[in-house]
Amino acid sequence: MKKYDITGMSCAACSARVEKAVSGVPGVTSCSVSLLTNSMGVEGTADPNAIIKAVTDAGYGASPAGGSAKNEAPADKLTLENEREQSLLKHRLILSVVFLLVLMYFSMGHMMWNFPAPKVFDNPVFLGIFEMLLSGLILIINSAFFTSGFKSLFKGGPNMNTLVALGSSVAFGFSLVELFLMADALWTGDHMRAMELGDNLYFESAAMIPTLITVGKLLEAISKGRTTDALKGLMKLTPKTATVLRNGSELTIPAAEVVVDDIFLVRPGESIPVDGVIIEGSTGIDESALTGESIPAEKEAGSNVYAATINRTGFIKCRALKVGEDTTLAGIIRIMSDAAATKAPLARIADKVSAIFVPSVMAIALVTFVAWLLLGKGISFSVARAITVLVISCPCALGLATPVAVMVGSGVGAKHGILYKTAASLESLGRSEIVVLDKTGTITTGAPVVTDMIPHAGMSEKELLSLAASLEAKSEHPLAGAVTDRAAELGITLRDVTDFSAIPGLGLTGTLAGNRIFGGNLKYISEKATLSPSDITSIDRLSSEGKTPLLFAENGTFAGIIAVRDNVKNDSVAAIRELKELGLKTVMLTGDNERTARAIGLESGVDEINAGVLPDEKNAHIEKLKQKGKTVMVGDGINDAPALVSADTGIAIGAGADIAIDAADIVVVKSRLTDVTAAIRLSRATIRNIHENLFWAFFYNLICIPLAAGVYGLTMKPMYGALAMSLSSFCVCMNALRLNLAKIYTSRASEAEKSAGPAARAVTVAADTRNEDGSKQIIENKEKETAVMKKTMKIEGMMCGHCEARVQKTLLAIDGVTEALVSHEKGTAELTLSKEVANEVLKEAVEAQDYKVTGID
């Protein structure tokens, strides 16, 4: 997307005209204009000069974004533009108010309330000329309304300034004509007519209209400045200097001059200048600027550090990895800026209305004038009604309704490490109905750990781990790291494995101290060694607990099992529960086997589980779900990228692969699943805010335009219409600022729900199988759990895997027992029940198999 700065826009009609003009340039595929930031984003291959010419021809100014000042930082540019606008408006307002107070003193104070004044002001012609001069000065001070308004009118694109200019000009012109007629009446001696004509002067209204509109513009500029505070705050975080090592000496240079592979030093209390990696030292770093997390993150050699974060404790030496526009901070700023330059679908409604709004108001004003004349009202009354219609109408509120809410919403998200790339993604997420979650790295930690070691054939746990780790050290599989890490923790020295070979989808093999060793899944190892029934039982038990059994054999003899598990994140269960509270269906999509996926799915609480799904099949699943409702895909890996693109909204967990982050519409920096629920709450709050703003904008015009026209039997002076118009945009901006108070991390679960225990849910497990012809088939096993309960039995007398299998079979035969995880080592049986089963029934069944039950919890 190419971005441009636009000047001269004053309302939604302006942005709509610019957008229409640029969209007609050959090579432009899409164009989005933001009235809030006075910027434009253009997609396509069009020549920039042609785009700028189209904007200029439409009556506005354009230049490539950031091209106005080489050394001006983005934060400074955004701040200076707003401060410049506020300063200009304040200056205009002060001068206007000074002259307006003088004008009002004589036109109303002296004439209506007999305020003291020189006797010459008793002459109506002198007073009229005095009012005309003061009013003319005020119109000159606010000439920007007239130059912009009439320029747009003559170019066929009238805007808000056109309405102000027309209203004020008509009031001034009509009063001028009345003044000449009044002078003529006095000249001819008709004092009574002169007095009547004096009551029809609207010089104070002509002056009041641009003055009050300037008040509204100033309030709007102030509130608009506040809506971009989050973006400006991020920009100001960019460090100004860095301390680097060059030729053995420390040099302090501008952070912008740091290059990749520079060695830089950071002392306690200093900001990290660029993204890098620590090569020496350890410290605690405050990353709240990027993640919102207040607790400093512990860092050591090999840890990544990011620009704008603060070194709190130790001295560190780092190597620069990403500099300038490539840093994480710059990426976040770019995402927020791009979001501000895009439009939410809701904004298109306001755009369509704005495109015809001003011409329609001008037509209504003309009809109002003619209608009152036909109804027998005087020309003065009719003109006043038409002027009021012109100045009370407010297209600004329509144009600001969506962008101010989007800007504030995306700013609130950025403070909490939630980045919306476009306004459309913010709106789309708020309307989502289904959330699809990748398992590894999203629901689980993505860092498998060893949970069980079951040696065989007289081998000790340490010997089994030594054999397994030596073999797995040659592998790049994620599960291999868990085994080698455990060996390192226990201080086991790895031995050299030769003739190593990896068999995709099955396992590994190699030679260790002259012995042929094997490692892999059940299918592979059962071909290399003989497994006993107790071994099979142990494998089944581990799988049912959501663990992945890794089997090992040596010289044709089974060596044992090492179970590895990718644990569910601490916040995943709470996050999934909150997603359900928000009325969303949760679906887990994973390539894992059915039993492992089912265990993780039941533990995390998702509504539906799709297991055995290959990366290239995820798209097909997403497409099916999209037919049932708006779908969100949450993932972190490279294999999730196609699904992230395919979904209505893609959310990338920030710690994941760069390609996943690039493919996503929204990025969660902190890699916490609870941030996904927070993002959805924020999106919904933003949509509500946009609806409120649009309702106010439409309702205001729907009520006020007929009121100004005198439809309700009431009359309104033009100056009051100008006041109402000036406040309408201010109200929209202030309403958007309420989003800063949104509680996006507050769960609305009731105490009743908490005390009722786990909610009933229907779990769907989809596992891969093959037809006889080899084609893939998805089999869905639906298990209705109307009141899921847990019980743990303490059992004595179990000695081996056969005992476990016997107890498990007995318990599963009892009506209401849906799952039994039996361990002879722990002497327990963990039961999942679909309905209440009496403890006596469970005890009698187990003791009938000659085992002793010592307790049931």
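In which sense do strand S9 (residues 283–286) and S12 pair, and over how many bridges? The two strands pair in the antiparallel sense, over two bridges. Pairing here requires at least two bridges found by DSSP between two strands. Strands (E, at least two residues) and helices (H or I, at least four) are DSSP runs, numbered from the N terminus.

The structure is a predicted model, in which local features need pLDDT of at least 70, side-chain atom pairs count only at pLDDT 80 or more, and totals for chains, interfaces and linings use all residues. Residues are numbered from 1 along each chain as its sequence is written, and side-chain values use heavy atoms, with hydrogens and water left out.

S9 and S12 belong to an open sheet of three strands, ordered S10-S9-S12, with antiparallel pairing. Strand S10 (297–299) and strand S12 (310–311) are its edge strands, and each pairs on one side only. Asp286 has Ile310 in S12 as its bridge partner.

Another open sheet holds six strands. Their order is S6-S5-S7-S13-S8-S11, and the pairing is antiparallel. Strand S6 (249–254) and strand S11 (304–305) stand at the edges with a single partner strand each, so one side of each lacks a neighbour in the sheet. Strand S5 (residues 241–246) pairs with strand S7 (residues 263–266) in the antiparallel sense, over three bridges. Thr243 stands opposite Leu265 in S7.

Helix packing is illustrated by helix H13 (residues 379–392) and helix H26 (residues 674–709). Their axes come within 8 Å and cross at roughly 165°. Axes are lines fitted to C-alpha atoms, for helices over the stretch in contact, and angles run from 0 to 180 degrees between N-to-C directions. H13 and H26 are therefore roughly antiparallel to each other (angles over 145 degrees count as such). The crossing is right-handed, meaning that the near helix is turned clockwise from the far one by less than a right angle. On the H13 side, Arg385, Thr388, Val389 and Ile392 meet Tyr700, Cys704, Ile705, Ala708 and Ala709 of H26 (contact: heavy atoms within 4.5 Å). By class, this contact has seven nonpolar residues, one polar and one charged.

A salt bridge is a side-chain nitrogen of Lys or Arg within 4 Å of a carboxyl oxygen of Asp or Glu. By this rule, the count comes to 24. One of them joins the side chains of Lys547 and Asp452, at 2.7 Å from N to O. This pair links distant parts of the chain, 95 residues apart. Lys547 lies in the loop between helix H20 (533–544) and strand S20 (548–554), whereas Asp452 lies in strand S16 (residues 449–455).

Notes. Parallel < 35°, antiparallel > 145°, perpendicular 65-115°, else oblique. Nonpolar A, V, L, I, M, F, W, Y, C, P; charged D, E, K, R; others polar.
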